[in-house]
Amino acid sequence: MELAQTWQSIGAVVIFAGVIFVLMAEWVHLTIAAFLGAMLLIFLNILTLTEAIDYIGQSYSTLALFFGVMVLVRAFEPTKIFEYLATKIVIWAGGQGRRLLLGIVGLTTLCTAFLPNATTVMLLAPLIPPIAQEIGVDFVPLLLLITFVANSGSLLTLVGDPVTFLVGDAINLSFTDYLIRLGGSGIVAIVTLIALLPWLFRRTWHKQLDNLDKLPHPQINHPRTLSMGIVIVTFVLVFFVIGEYLPVPIAPASVALMGAALALLLSHHSNIESVNQILSDVDWSTLIFFMSFFVLIGGLEKTGVIAQLSKLLAFGLDQNIILGSLALLFLIGFLSSVVPNIPLVVAMIPLLKQSIVNLGLAGPEILSPAFSGNLPSTVLPLFYAMMIGATLGGNGTLAGASANIVAAGISEQHDRRITFRRFLRYGIPVMVIQLITGSIYLFILILIKQG
């Protein structure tokens with residue numbers, strides 16, 4: 001029996017490491033790699049199909065949130081609101097490169113505070129190459145800027161990044177509590193990035209823009225439908241904030257699904273686009289990727305690999321929460337620059353929880369997927385460090401975040417390839433300096449809580 005369990009543990013580790021390696025090497029599409037790895041676990045009987053579905057079900061809130069937001073955003077694409085805003089920013093720049101960069105920062109920050117960072121890049125990045133070519137600007141740095149802002153600004157709210165929501169959901173952190181405690185880390189990250197603009201993007205910063213009179217001027221389509229859409233989006237944002245404080249709490253995932261249902265109803269009633277078309281354009285690839293990775297982590301958990309690794313992590317933390325949190329922030333940050341941050345966090349959450357239990361800082365009840373209480377306040381900085389490190393570390397390399405891959409794909413569609421090396425020239429300075437300012441924010445937050 002022990003021999004069989006040992007081989008199952010080895011199999012789970014080899015499959016998980018193999019998937020990570022394939023993701024880093026970019027040999028096949030990330031969804032194929034994760035899906036194949038999950039199926040291998042089932043095929044080799046390391047997990048049964050029922051167990052795999054159970055592990056997916058434990059993370060239903062994450063999947064529901066992303067599906068709801070994807071549908072909500074896609075339903076309003078026919079209004080051309082995003083094209084309209086992008087053109088207005090270029091006109092607002094008035095021929096000055098620095099104002100163009102600041103306008104992109106502003107628009108992307110607004111979007112990524114409430115939409116997953118990859119979704120923000122999917123919406124805004126395709127608008128940049130045609131406009132940039134019209135005004136004589138290299139669009140690759142602008143795509144990189146959108147990506148950096150999308151990753152950084154996603155720290156502003158709980159739902160801005162898969163990483164923040166995954167960790168927040170694991171520790172039962174409400175939308176409002178996140179705003180109060182960690183929203184400031186997003187502001188610090190954006191301010192840090194703005195301070196780097198004259199150095200990182202100096203050619204565009206000092207450039208005088210030409211041909212503004214040749215810009216296309218897209219008009220907003222279906223203004224009445226857009227007005228109703230704004231009402232729906234406002235409803236979603238309000239209930240993101242107050243939903244969990246109602247007599248009968250409403251989770252962010254439920255709010256997002258309700259918003260999606262209302263958006264589908266509006267699209268159908270206004271006849272701007274068919275429901276089938278909206279649903280066919282949902283990013284099913286990302287959703288399947290998430291589900292597959294939940295199964296991969298389930299394999300590590302069932303075979304006891306996570307329990308063993310947690311002992312090493314517990315030894316490293318050694319009950320010094322301040323030093324442990326700062327060390328974890330940089331460790332996760334640098335790891336997430338080479339390993340996609342979503343699977344890294346999915347793997348680290350149960351590992352960190354088990355380590356906390358091993359240290360005697362919390363009871364074993366926190367390991368249950370059904371746990372709905374609050375973790376001891378003394379251990380929360382460790383999870384805050386994971387959020388900040390994984391989110392900002394995603395800016396480091398092309399493989400660090402799904403938003404980076406999206407931007408690279410859009411650039412390639414316009415015959416400009418963003419190489420790993422070129423991304424590195426911009427990404428490493430951004431990541432290192434943001435991790436430093438993020439660690440300062442976390443250190444001050446811990447001191448305030450202790451005071």
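In helix α14, the buried residues (under 20% relative accessible area, with exposed meaning over 50% and partly exposed in between, for a 1.4 Å probe and protein chains only) are P252, A253, V255, A256, G259, A260, A263, L264, L266 and S267. The model is a predicted one, so to speak of local features takes a pLDDT of at least 70 and side-chain atom pairs count only at pLDDT 80 or more, while totals for chains, interfaces and linings use all residues. Residues are numbered from 1 along each chain as its sequence is written, and side-chain values use heavy atoms, with hydrogens and water left out.

Helices here are DSSP runs (H or I, at least four residues), numbered from the N terminus, and strands would be E runs of at least two. Cover for the buried residues of α14 comes from elements including α4 (60-75), α10 (162-170), α13 (223-242) and α15 (275-280). Just past the end of α14, N271 takes a positive phi of about 65°.

Of these partners, α13 deserves a look. The axes of α13 and α14 come within 9 Å and cross at roughly 170°; axes are lines fitted to C-alpha atoms, for helices over the stretch in contact, with angles running from 0 to 180 degrees between N-to-C directions. That makes α13 roughly antiparallel to α14 (over 145 degrees; under 35 would be roughly parallel, 65 to 115 roughly perpendicular, and the rest oblique). On the α13 side, the contact (heavy atoms within 4.5 Å) is made by T225, M228, G229, I232, F235, V236, F239 and F240. On the α14 side it involves P252, V255, A256, M258, G259, L262, A263, L266 and S270. The residues of this contact divide into 13 nonpolar, 4 polar and no charged, where Ala, Val, Leu, Ile, Met, Phe, Trp, Tyr, Cys and Pro count as nonpolar, Asp, Glu, Lys and Arg as charged, and the others, Gly among them, as polar.

Neighbours within four places in sequence aside, L442 is in contact with S325, L326, L329, P381, Y384, A385 and I388.

Helix α21 (residues 402-413) has buried residues too: A403, N404, V406, A407, A408, I410 and S411. Just after α21, D415 takes a positive phi of about 65°.

Most residues other than glycine have a negative phi. N172, in the loop between α10 and α11 (175-200), has a positive phi of about 55° although it is not a glycine. N172 is partly exposed, with a relative accessible area of 29%. F371 touches N172, along with E365 and I366, not counting residues up to four places away in sequence. F371 itself lies in the loop between α19 and α20 (380-393) and is buried, at a relative accessible area of 17%.
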